[in-house]
Amino acid sequence: MERDGGMVSGADFDWVGDGVGATPTERNQLRLRVDVIVPLAATIRQIELVSLDGSPLPPFTAGAHINLKLPGDLSRSYSLTNGPGVTDRYIIGVNRDAASRGGSAYLNEELKVGDVLPVDPPHNTFHLIDDAEQSAFFAGGIGITPILAMIRKLEALGKPWVLHYAARDRQSAAFLPELEALEAKGPGRVNLHFDAEAGRVMPLLKIASTIPKAAHLYCCGPGKMIETFRASAGWRPEDNVHIEHFAGSKSKPTMAFDIELKRRGMTFHVPLGETMLDVLLRNDVYVSHSCKEGVCGSCETRVLEGVPEHMDNVLSPRERASNEVVMVCCSGCSSGKLVLDL
């Protein structure tokens, strides 16, 4: 949320907050203006955001997302679709979710050109390995957005890739003209699947089995698609499998526990039914956060002692096993106490 006190000029772009009493996230927040809105599909809008004075925006890598601060104290994360040559704006695609809790409904129905939004700088939890021998992408619906940025990057580098993109029908699919142009340029790279035309969902398991083991695979889409993707990738090297989720796992911590803030010399109890973030904020300990569902990675905190009960959809199996970090917005503790680097 934008604080009182107005905007002050940063080195290359405009920041939110007066620097006095502002939280760490608010001190790093941008104020961006809606420059262009373009309909992409029946329920999808492309929104382009620029700095207020036309200055360059903070850089990012393919797969990154930004958090938009919306009316009603909402914070929502959206993947950037920018290709490597587009650095003067952040471009996102927003699907009007029928079950919207306010975010996508506002952005699709009320947001207009000229509006100014507080925006957190880009953050990436879905990294592209751009020197891989081969990259294979699986996207479902609006899940094409981070993957399009990756494809644009690989195309600029001249690296091999293949895309399998599924949607209910052509009317609900985004970026079709660009994808069709890429297919015309290099036949066999873009495979489109429309459930309404095929009479079934995309046969992901069968397709994935044909992709070489050395390839890096990426998936972003609905929960069922990701479950199938996980099942298809079990025999592959863990580091070659990359997933981006739409939402949290909905799993909850299974026990109460304590958290010690090492640098502050403070200890708090986290009751069953509450999160570490709930307790921290209630006690005026600010931790960067946004989604509160374990998907954006904003609240990642280093663990000094104890064993987290990971409930996020950000960390890889290897990262979870190391227990070096935890997402305090959703995860718990299986050792009775966590000592955090706070």
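A salt bridge is a side-chain nitrogen of Lys or Arg within 4 Å of a carboxyl oxygen of Asp or Glu. By this criterion the structure, a predicted model, holds 19 salt bridges. The legends below begin with some of these pairs and then turn to aromatic rings and to a sheet.

**Figure 1. A salt bridge joins the side chains of Arg33 and Asp35.** Side chains of opposite charge can pair when their charged atoms come close. In this view the distance from N to O is 3.3 Å. Arg33 is partly exposed, with a relative accessible area of 28%, and Asp35 is also partly exposed, at 24%. The two residues belong to a network of salt bridges that links Arg33, Asp35, Glu48, Asp88 and Arg89.

**Figure 2. Arg318 forms a salt bridge with Glu238.** The closest N and O atoms of Arg318 and Glu238 are 3.7 Å apart. This pair links distant parts of the chain, 80 residues apart: Arg318 lies in helix 9 (residues 317-322), whereas Glu238 lies in the loop between helix 7 (223-232) and strand 13. The relative accessible area of Arg318 is 48%, and this residue is partly exposed. Glu238 is partly exposed as well, with a value of 34%.

**Figure 3. Asp239 forms a salt bridge with Arg318.** Here the closest N and O atoms are 3.3 Å apart. Asp239 is in the loop between helix 7 and strand 13 and Arg318 is in helix 9, so that the pair links distant parts of the chain, 79 residues apart. With a relative accessible area of 46%, Asp239 is partly exposed.

**Figure 4. Phe60 and Tyr90 form an edge-to-face aromatic pair.** A search of the whole structure finds four aromatic pairs. A pair of aromatic rings is described by the distance of the centres and the angle of the planes. For Phe60 and Tyr90, the centres are 5.8 Å apart and the planes stand at 75°. Planes over 60 degrees apart count as edge-to-face, and the pair is therefore assigned to that class. Phe60 is in the loop between strand 4 (44-51) and strand 5 (65-70), while Tyr90 is in strand 7 (residues 90-95); the pair thus links distant parts of the chain, 30 residues apart. Are these two residues buried or partly exposed? Phe60 is partly exposed, with a relative accessible area of 25%, whereas Tyr90 is buried, with a value of 1%.

**Figure 5. Three residues form one aromatic cluster.** The members of the cluster are Phe126, Phe137 and Tyr218.

**Figure 6. Strand 12 and strand 13 pair in the parallel sense.** Strand 12 comprises residues 216-220, and its pairing with strand 13 extends over four bridges. The bridge partner of Cys220 is Glu244, in strand 13.

How values were computed. Residues are numbered from 1 along each chain as its sequence is written. This is a predicted model: local features need pLDDT of at least 70, side-chain atom pairs count only at pLDDT 80 or more; totals for chains, interfaces and linings use all residues. Side-chain values use heavy atoms; hydrogens and water are left out. Two strands pair if DSSP finds at least two bridges between them. Helices (H or I, at least four residues) and strands (E, at least two) are DSSP runs, numbered from the N terminus. Rings of Phe, Tyr and Trp (its six-membered ring) pair if their centres lie within 6.5 Å; planes under 30 degrees apart count as stacked, over 60 as edge-to-face and the rest as tilted. Buried means under 20% relative accessible area, exposed over 50%, partly exposed in between (1.4 Å probe, protein chains only).
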